[in-house]
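Welcome! Please take a look at the protein shown here, and then we will walk through it together.

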Amino acid sequence: MNYVYDYSKLLGRLREKKITQSELANMLDISETSLNRKLKSKTQFKQAEISQICDCLAIPNECIDTYFFAR
């Protein structure tokens, strides 16, 4: 089953930290297109990518669900 996740909180955190989607894609070593597909729930984030994003955006472990798994 494919879930559609709501990444609005993640996008808000990017704006808060003044990091563009392009910069985040570079940090993850993926293309902007790949990041965009993930943010639109067309493909899933890998566990390592979630971990990297949390490090970059200072997202605490206990908040991962609200940023990555809200529907």
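How many helices and strands does the protein have? There are five helices and zero strands, where helices (H or I, at least four residues) and strands (E, at least two) are DSSP runs numbered from the N terminus. Along the sequence this reads α-α-α-α-α.

This is a predicted model, in which local features need pLDDT of at least 70, side-chain atom pairs count only at pLDDT 80 or more, and totals for chains, interfaces and linings use all residues. Residues are numbered from 1 along each chain as its sequence is written, and side-chain values use heavy atoms, with hydrogens and water left out.

Now to helix α4, residues 47–57. Its buried residues (under 20% relative accessible area, 1.4 Å probe, protein chains only) are Glu49, Ile50, Ile53, Cys54 and Leu57. Seen down the axis of α4, these fall within an arc of 135 degrees, so they line one face of the helix; the arc is that of the directions from the helix axis to the C-beta atoms. The face turned away carries Gln47, Ala48 and Asp55, which are exposed (over 50%).

The buried residues of α4 pack against these helices, with contact meaning heavy atoms within 4.5 Å:

| Helix | Residues |
|---|---|
| α1 | 8–16 |
| α2 | 21–28 |
| α3 | 32–39 |
| α5 | 64–68 |

After α4 comes Ala58, with a positive phi near 50 degrees.

For the protein as a whole, buried residues make up 34% of the 71 residues. The C-alpha trace spans about 30 × 30 × 20 Å along its principal axes.
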